[in-house]
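Me: Please take a close look at the nonpolar core of this model and at the aromatic rings and helix packing that go with it. A connected account with the cut-offs stated would be welcome.

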Amino acid sequence: MYGPFFGEFMGTLVLILLGDGAVANILLKKSKGENSRWMVIATAWGMAVVAGIFTAIAFGSPGAHINPAIALTVAVLSGDSSKVGLFRTAQIRGGFAGASLVWLVYLHHRKVTPDSEAKLAVFCTHPLSSAFPPTCSAKLLPPPASSLLASVSGAPAVSTTGLPIGLGPWLWGVLVWGLGLGLGGPTGYAINPARDFGPRVAHAMLYGEDCGFPCVHLCPLW
């Protein structure tokens, strides 16, 4: 049962469960973390990345990409694209499964939350105020943020003798934490297609509400 596909699936599931779970805890009504600030969300996503990487490794994916952008970058740098499609499928499914678990955990809190934008923001990058249209931010933010994340994946180790075992996932977590604090203000930080698309589909299917992607509602598979 263990292997790269299952490892990427489980790693992305844990990433979304903890990351989206933290957002739900803060945005939805009557939760313990209601009205906490962005520092909590950015920190939670950093820790979710750490947990997701360790989980992916434990379940059979030593590369622990848990992000289609990282899988593509590794494929370009290595010249081997044979696993890109496999990993992307596993990651999107893992994102959907993780978001479904968040839906289950916070089901009652959603029912008492009237703000539809806040409920959508749990599952994808989305502005929390209609006073600032997301069009410009949504177009400008992903390329530099994703490029920074991808460039680090191909950078040489910070030590000539390599990193100590177990340190790498923590460095990734710190990077994602920093990206969130620095670039996440307008809509969140869109740096992982599986994190955004899989939960959007879950939002549309489980809630029957607009997720921002018309194709999700039109697809006969749903």
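Reply: The largest nonpolar core comprises 30 residues, and those with the most contacts inside it are L15, L27, W45, V122 and Y189. A nonpolar core is here a set of buried Ala, Val, Leu, Ile, Met, Phe, Trp, Tyr and Cys residues joined through side-chain atoms within 4.5 Å. Buried means under 20% relative accessible area, exposed over 50%, and partly exposed in between, with a 1.4 Å probe and protein chains only. The model is predicted: local features need pLDDT of at least 70, side-chain atom pairs count only at pLDDT 80 or more, and totals for chains, interfaces and linings use all residues. Residues are numbered from 1 along each chain as its sequence is written, and side-chain values use heavy atoms, with hydrogens and water left out.

The greatest contribution is that of α2, with seven residues. Apart from this core lies another, of seven residues, among them F6, L13, A90 and A97.

Helices α1 and α4 pack at an angle of about 35°, with their axes 7 Å apart. The axes are lines fitted to C-alpha atoms over the stretch in contact, and angles run from 0 to 180 degrees between N-to-C directions. In the contact of α1 with α4, 14 residues are nonpolar, seven polar and three charged; Ala, Val, Leu, Ile, Met, Phe, Trp, Tyr, Cys and Pro count as nonpolar, Asp, Glu, Lys and Arg as charged, and the others, Gly among them, as polar.

F6 also takes part in aromatic pairing. Rings of Phe, Tyr and Trp (its six-membered ring) pair if their centres lie within 6.5 Å; planes under 30 degrees apart count as stacked, over 60 as edge-to-face and the rest as tilted. F6 and F9 form a stacked pair, at 6.3 Å centre to centre and 15° between the planes. Both residues lie in α1, three residues apart, about one turn of the helix. F6 and F59 form an edge-to-face pair, at 5.4 Å centre to centre and 75° between the planes. F6 lies in α1 and F59 in the loop between α2 and α3, so this pair ties together parts that are 53 residues apart in sequence. F6 is buried, with a relative accessible area of 17%, whereas F59 is partly exposed at 23%. Ring pairs link Y2, F6, F9 and F59 into a cluster.

Technical notes
Helix = DSSP H or I, 4+ residues; strand = E, 2+ residues; numbered from the N terminus.
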